[in-house]
Amino acid sequence: MPHTKLPAAFFQRSDVLTIARDLLGKHLYTNIDGIVTAGLVVETEAYRHEGDNSLTMHLQRKRHQAQGLHVPGGAAYIYTVYNRYALFNIATHDAAHPDAVLIRAIEPTVGIEEMLRRRGLPAAKRGFTAGPGLLSQALGITPALSGLPVTGEVLWFEDHDEEVDDVIASARVGLEYAGAEAAGLPWRFRVKDSKWTSPAK
């Protein structure tokens, strides 16, 4: 079957949890300066503007930057943490509902040598794209790409008609600062048997 690029409508659905779950098994592509790299999405996290104090705090702390979430679903929202790691999120739903999905891990499939070069690694090792900062580095994703459509020629997702049946839902990573309720929401989704999910439990 031909591979299908995910349309904006995929990201403009109202339920960010469904979108985060449905992105598992899709292929994330980048075309940076003519070099294509890609990986199979094996781990995501959902962030919702209602009932999720972690996103509420983010919208308050990064008020100017977070305007990038007040857009129709399907735009990249990328920011750095610890002045080092770029986190690749996709704005979902619509401008009035600033929800997002964070891509946490991929299994490399295309352009692996370039991914290793970007990561500064001499050879492939298990998990070199397991973690949001690591996969962004490998795919060449930087905050300069924030605001671009994830349905375009630089960033896009493809459906290769691969079913993902066995998914683990668990608490998201590193959100203790947002309080017990937000930290405990089971909005992290992982492909159960993947060797490429991030190590944080």
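This is a predicted model: local features need pLDDT of at least 70, side-chain atom pairs count only at pLDDT 80 or more; totals for chains, interfaces and linings use all residues.
Trainee: Which radius of gyration does the protein chain have, and what would a compact globule have?
Mentor: The radius of gyration is taken over C-alpha atoms, and the globule rule is 2.2 Å times the number of residues to the power 0.38. With 201 residues, a compact globule would have a value near 17 Å, and this agrees with the protein chain, which has 16 Å.

Trainee: Is Thr-92 buried or exposed?
Mentor: Thr-92 is placed in strand 5, residues 85-92, where strands (E, at least two residues) are DSSP runs numbered from the N terminus. Buried means under 20% relative accessible area, exposed over 50% and partly exposed in between, with a 1.4 Å probe and protein chains only. Because its relative accessibility is 1%, Thr-92 counts as buried.

Trainee: How are the rings of Tyr-77 and Tyr-79 arranged among the aromatic pairs?
Mentor: A search of the whole structure finds 6 aromatic pairs, where rings of Phe, Tyr and Trp (its six-membered ring) pair if their centres lie within 6.5 Å, and planes under 30 degrees apart count as stacked, over 60 as edge-to-face and the rest as tilted. The ring centres of Tyr-77 and Tyr-79 are 5.6 Å apart and their planes stand at 50 degrees, so this pair is tilted.

Trainee: Which parts of the chain does the pair of Phe-88 and Phe-157 link?
Mentor: Phe-88 and Phe-157 form a stacked aromatic pair, with 6.4 Å from centre to centre and 15 degrees between the planes. The residues are 69 apart, and the pair links distant parts of the chain, with Phe-88 in strand 5 and Phe-157 in strand 7, residues 155-159.

Trainee: Over which ring does the charged end of Arg-13 sit?
Mentor: A charge sits over a ring if NZ of Lys or CZ of Arg is within 6 Å of the ring centre and within 35 degrees of the ring normal. The charged end of Arg-13 is 4.4 Å from the centre of the ring it sits over, that of Phe-10.

Technical notes: Residues are numbered from 1 along each chain as its sequence is written. Side-chain values use heavy atoms; hydrogens and water are left out. Helices (H or I, at least four residues) and strands (E, at least two) are DSSP runs, numbered from the N terminus.
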